[in-house]
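Here is a short briefing on one structure.

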Amino acid sequence: MRNSTDNGDSDADALKANAAAVFTLDVNPGVRIYVIVACLSTNEDAKAILAGLKLECVDMNTALTAIVGSMYMNGYLTEDSNSILISVNGKDEETTDILLSDITSKINTVFENSGLECSIIAQSVKVDDDLKHRAQENGVSVGKMHLVDKMVGEMDDFCAEDAPDLADMSIKELNLIYSSRPNKGDENDPFKKDISSGEVGGFIKQDDALTLLLEEIELDKADIKWYWVQVKLHNRKMVYSVYIRVKDDATTYEFEVDCRTGEVVKIDNSMPNIKFPGINGGAPQAGTLPGTQEKNDQGIADSWKDIDIPNSLPTNRGDNTPQ
C-alpha cells in the first residue's frame, strides 16, 4: 500500500485503475483506501488520521489495524460512536465478497482486542460517474452515497427528496435506521447481501424507549395488547415512533421518544384515561397525531390480530406482536 491524497489528478486515477479493489471506511471522516496499490484520504479529517502512518509495502491487516487504531486515538471511534461503514468496489464479485468478509473480520478483531464493540455495515458498491458526481455534490464518500441511495430506494419511510438530509447524517445515525429496519434478516430484506454486526452505540435501546414511554404516561404494561417500535427521522431528529394498542380499545396510538435522550417528545392525547405528568407541566405538547384514528381502517394496525401480552415485554415487536 502507498499513501497519497485524492485530489482527482491523473496519478490518483492511475492508482484507482490498477487497484484490485477499492474500499472506503466511513466514520465521520471518509478514509478512501485503494487496496494493494495505495491509500488515499478524502477530507481533512481523513488526512489527519493517515498522518504519520507508514503504509507502504504493508499487508491489509497491518494497514487496517493502523488506520482503525488512529481513528480510535483521534476520537473518531468511541463507545458511543462505534459505527463503521465499509464499502468495497471490486473488479469482480468473488474479490468483493472475500474482501467484505475479510475486512469486517479484521476490524472486529481490532475492536475486540481493545475491549470495545464495533457496529459495522459492509456493502458492495459499483462506482459510476453519476454516483461519484452525487457524492461530490453532497460532500460524502461514494460508499455513504450508495448507502443513502439504497435506503431511499428500498425503505418506505424515505423518498428521493430525503437524500440530502440522509447524506448529512452521521454514520451512526444512518446505522441506527439501517439496523432497525422492520424486515431485517428475513427473505424480503433488500439489504440481505450486506454484512452487518454489532450494536449501534450512543442511543437508547428500543425496548428501553417503550419502558420510558410507559413510565411517562403512567400506563401499566399489563394493559398493552401489542406494540411496535420504529426508528424515524422527524424534523432532522432521530426518534423512536412507538405504536401501542391497549386492551379493549381498537385504536392504535402513536408516540415519539428521542433516540438519544429517551425523552418523550410527542404524545397522542386521544388515548383515554392516561396521564402525562412529565410533559410541559402536565399539558400535552401536541394533539392527536394526523392519521391516528384512521389506522383502525388502514395501516399497520389492521394487519395485526389481537394477542394477549405476557407479563414481561420483549424487545421491539416482541413475541406478542403478530409478524
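The side chain of Thr 104 reaches the backbone oxygen of Leu 100 at 2.7 Å. This comes from a predicted model.

**Thr 104**
- Thr 104 sits in helix α4, which spans residues 93–114.
- Thr 104 has a relative accessible area of 5%, under the 20% cut-off, so it counts as buried.
- Beyond its neighbours within four places in sequence, Thr 104 is in contact with Ile 86, Ile 120, Ala 122, Ile 195 and Ser 197.

**Nonpolar cores**
- In soluble globular proteins, nonpolar side chains tend to be buried together.
- Here, the largest nonpolar core holds 49 residues. Ile 177, Tyr 240 and Ile 244 have the most contacts inside it.
- Elements that each supply at least two residues of this core include the helices α5 (129–138), α8 (171–179) and α9 (206–216), and the strands β8 (224–234) and β9 (237–246).
- Helix α6 gives the most to this core, with six residues.
- A second, separate core has 27 residues, among them Leu 25, Leu 53, Met 71 and Leu 99.

**Helices α5 and α6**
- The axes of α5 and α6 come within 9 Å and cross at roughly 100°.
- That angle makes α5 roughly perpendicular to α6.
- On the α5 side, Leu 131, Lys 132, Arg 134, Ala 135 and Asn 138 make the contact. On the α6 side, Val 142, Met 145, His 146 and Asp 149 do.
- By class, this contact has four nonpolar, two polar and three charged residues.

Methods:
Residues numbered from 1 in each chain as written. Predicted model: local features only at pLDDT ≥ 70, side-chain atom pairs only at ≥ 80, totals over all residues. Heavy atoms only, no water. Helix = DSSP H or I, 4+ residues; strand = E, 2+ residues; numbered from the N terminus. Buried < 20%, exposed > 50% of the residue type's maximum accessible area, 1.4 Å probe, protein only. Polar contact = N/O pair within 3.5 Å; in protein donor to acceptor, adjacent residues only side chain to side chain. Contact = heavy atoms within 4.5 Å. Core = buried A, V, L, I, M, F, W, Y, C linked by side-chain atoms within 4.5 Å. Axes fitted to C-alpha atoms, helices over the stretch in contact; angles between N-to-C directions. Parallel < 35°, antiparallel > 145°, perpendicular 65-115°, else oblique. Nonpolar A, V, L, I, M, F, W, Y, C, P; charged D, E, K, R; others polar.
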